[in-house]
Amino acid sequence: MLLRLALGVLPFVGSALAQAAAQFTDPDNGITFWGITDAAHQVTYGYVFPPLATSGAQSTEYIGTIVSPIDNKWSGYALSGSMISSLLVAAWPNNGKIVFTTRYATTNVLPDVYTGPVITTLSTGTYVNSTHWKWVFRCQNCTTWTGGSIDVNSQSSVPAWCSSTIAVDNPADPGTSMVQHTDFGFYFFPFAEAHVTASVYNNWASGGTGGGTTVSTTKSSTTTSAQPTGTATPVDYIVVGSGPGGIITADRLSQAGKSVLLLERGGPSTAQTGGTYQPAWLKGTNFTKFDVPGLFESMFTDSNEFWWCKDITVFAGCLVGGGGAVNGALYWLPADQDFSTSAGWPQEWTNHQPYTAALKARLPPTDAPSTDGKRYLEQVSDVVGQLLNPQGFRNVTINNSPNDKDHIYGYSAYDFLKGKRAGPVATYLQTSLPRKNFQLKLNTYVWNVIRNGSTITGVQTNDTGVPGGIYPLKPGGRVILSAGTFGSARILFRSGIGPTDMINLVKGDPVAGPLLPPQSQWINLPVGYNVSDNPSINLVFTHPSVNNYDNWANVMTPGPPAADASQYIASQSGIMAQASPRLNFWQALGATDGVTRWLQGTARPGAASWNTTYAFNQTQMFTITAYLSTGIKSRGRIGINAALNALPLVNPWLVDPADKSSLVAGLKSIVSSMPAVPNMVMITPDNKTTIDAYVNAYDPSTMNSNHWVGSNIIGPAGKAVVDVNTKVYNTNNLFVVDASIVPTLPFGNPHGLVMSVAEQAAAKILALAGGN
Ligand code: 6FA
């Protein structure tokens, strides 16, 4: 929602994120590790942890193993999944012994030797022979390091492995220089599952052998473990992805009596879903980071960012609730224009009102989320109101009249309930879970659908607990992809559906390629084209009345001011009961091509970045983010790379010249009445930079609003990916219901519209003949 820097390509970008850790037993010592054997080099990486503890001598250790063919000159890993600011461990054989090293890098250069970890090689299983070497070791003080750590209670971590065919310079020296790895990759690892009891762990750590049973630290009854369960029962509907689109669709289908399996690649988020991740100031409470609205800004600054999808290069939430678990939760009921034929919707979709009304009934918006009904930190609303009044803006309750979007402003509205993040997770999902015909499985990554020509028979997943990782459909069953604009597109590519250049990338992948249907069954559709995202630009100001709330920098650590923290814990009221936005406004803009564009403004205390020649008072800073929305013509393309990471291929921002001139006109209009607001100063752009120069110099990659839509656009055959019933063209029983089918951005932040889409899609799918 707010303007943020893109994640960029992650520091390790290599092989496909296709493997998932499974349990295996080392025959030489009986240790039950969790890990993988990487498909390319046949190197095994495994780890097992002591019982979960937050303090004490064993809270930061584990037993690890690397088993490598001798041709491999060295192998290593980063449990955090990142090369930068992480503990890196590497090892190689030398004269019949294993030499190991711990390293740390702050940039992509040869990592320095890092002291702190205490590594003891265990003789039980460690060897070097003519074909292989194996290292078994105890690693103490190894789960935290300077500026970072791993969450050993995580269900969805993504460690990295790396290896090299080039030997280190001096194999006898642990501090030797070495050339960068020649290959690397990632895999899913449920750290929470890989713990054993204290007696078993201590036996192994002190060189003992013998079997042990893994104890899961999982608290949620809805989470899945990788223990084999035998069979996967066929269902009427498999819904892939528990974002706003997937949860609502799955709830309506299960309400209608269909058997529904909702598969989510990530783990828990809010406390209600079994989530436990929280800052120290919330210890002892039942509130996680994902529950507390005021922690929204910390999603972008927390070093433990397990909630982002690590294989998508822009921000996307990979946990229960999807983007809805991590977003700013600005919530706008859609306008009629948002579902109009001029916005690209089929005529059959224009009557959205009953579905939007159903959404509103289940999930009412609020612009006063604090439980005491009071508004906090509202100085920004007052100042921006003063700025907009002289321009003829009216002050309204925005969701009371969704069609009214010209020259209006009002308090920011959210889908928070009872002072906590709510959305579909706290509403629709809660009615689904008790149903016997509904099942939610977490940490289950869907790779592709299984096709017999145009008929889908099930989905292929990373779940080692069911035969072949396959979840089957009943005859007449249907699969619904709700994995988001990037996630659903990637599943289609991996299922042989989409442009040939994308499917060929899948074909080249050693794991995904063999799972593709034969080329004669590939379905050529414009998956990935037609995407849009609001181009957005920040203006930064100061005003003496504004409190920037320390730029939200302290809300996780050390925590908000003590009075705000205790008020929230006691009654879910106060500043922490709201995300950072305080005021929103809309304005219609004429354009050089005669097509009206709309501009949305979001104002909040604080600023993520500023660039100014002024001396200014940081404590008074606030930001207006200006987004161009309805009417924009620019489109881009998303897809995958050879590593099967999903990413923008052609950026969608300000491609169209009239989009750019409209946004510039809108920015000028916003600041035109600044003289009417005493002591208001614009610091970015500063007094030496014009708006035109500012926009011209704006880094396009920072225009991302995280509002991606359109990669599986709805519309007519030949031009679109899904038909009027959201069914993928040329398939019998594959559907997409998420942001990716939306043809045009709505007036405001999109997840309200996406939820109305899901209400309507579920009704259309249920009414469609030919299914269960
Ligand atoms: N929209 C708003 O309306 N208001 C906001 O304030 C707002 N802010 C943000 C924001 O601050 C950020 C950082 C982001 C990333 C988005 C924001 N948005 C906002 C946009 C809004 O969240 C999205 O439009 C909305 O979440 C889209 O809903 P969808 O249902 O289309 O898709 P999601 O990405 O939310 O969910 C997909 C789910 O599928 C995830 O849970 C993911 O883990 C899962 N998944 C993906 N691939 C999978 C696979 N292969 N197998 C199983 N599960 C998979």
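## Exercises on a predicted model

A disulfide links Cys139 with Cys142, at an S to S distance of 2.0 Å, in a structure that is a predicted model.

**Exercise 1.** Find how many disulfides the whole structure holds, and work out which pattern they follow along the chain.

*Solution.* A search of the whole structure gives two disulfides. One of them is the link of Cys139 and Cys142, which is left-handed, with -75 degrees about the S-S bond, and both of these cysteines are buried. Cys309 and Cys318 form a disulfide as well, with sulfur atoms 2.1 Å apart, and because the torsion about their S-S bond is about 95 degrees, this disulfide is right-handed. Cys309 and Cys318 are both buried. Counting bonded cysteines along the chain, the pattern is 1-2, 3-4.

**Exercise 2.** Describe how helix α2 and helix α12 meet.

*Solution.* The axes of α2 (residues 244–255) and α12 (residues 751–767) come within 8 Å and cross at roughly 35 degrees, and the crossing is right-handed. Residues in the contact include Ile248 and Leu253 of α2, together with Val754 and Leu766 of α12. By type, the residues of this contact divide into eight nonpolar, three polar and two charged.

Notes: Residues are numbered from 1 along each chain as its sequence is written. This is a predicted model: local features need pLDDT of at least 70, side-chain atom pairs count only at pLDDT 80 or more; totals for chains, interfaces and linings use all residues. Side-chain values use heavy atoms; hydrogens and water are left out. Axes are lines fitted to C-alpha atoms, for helices over the stretch in contact, and angles run from 0 to 180 degrees between N-to-C directions. Helices (H or I, at least four residues) and strands (E, at least two) are DSSP runs, numbered from the N terminus. A crossing is left-handed if the near helix is turned anticlockwise from the far one by less than a right angle, and right-handed if clockwise. Contact means heavy atoms within 4.5 Å. Ala, Val, Leu, Ile, Met, Phe, Trp, Tyr, Cys and Pro count as nonpolar, Asp, Glu, Lys and Arg as charged, and the others, Gly among them, as polar. A disulfide is a pair of cysteine sulfur atoms within 2.5 Å. Buried means under 20% relative accessible area, exposed over 50%, partly exposed in between (1.4 Å probe, protein chains only).
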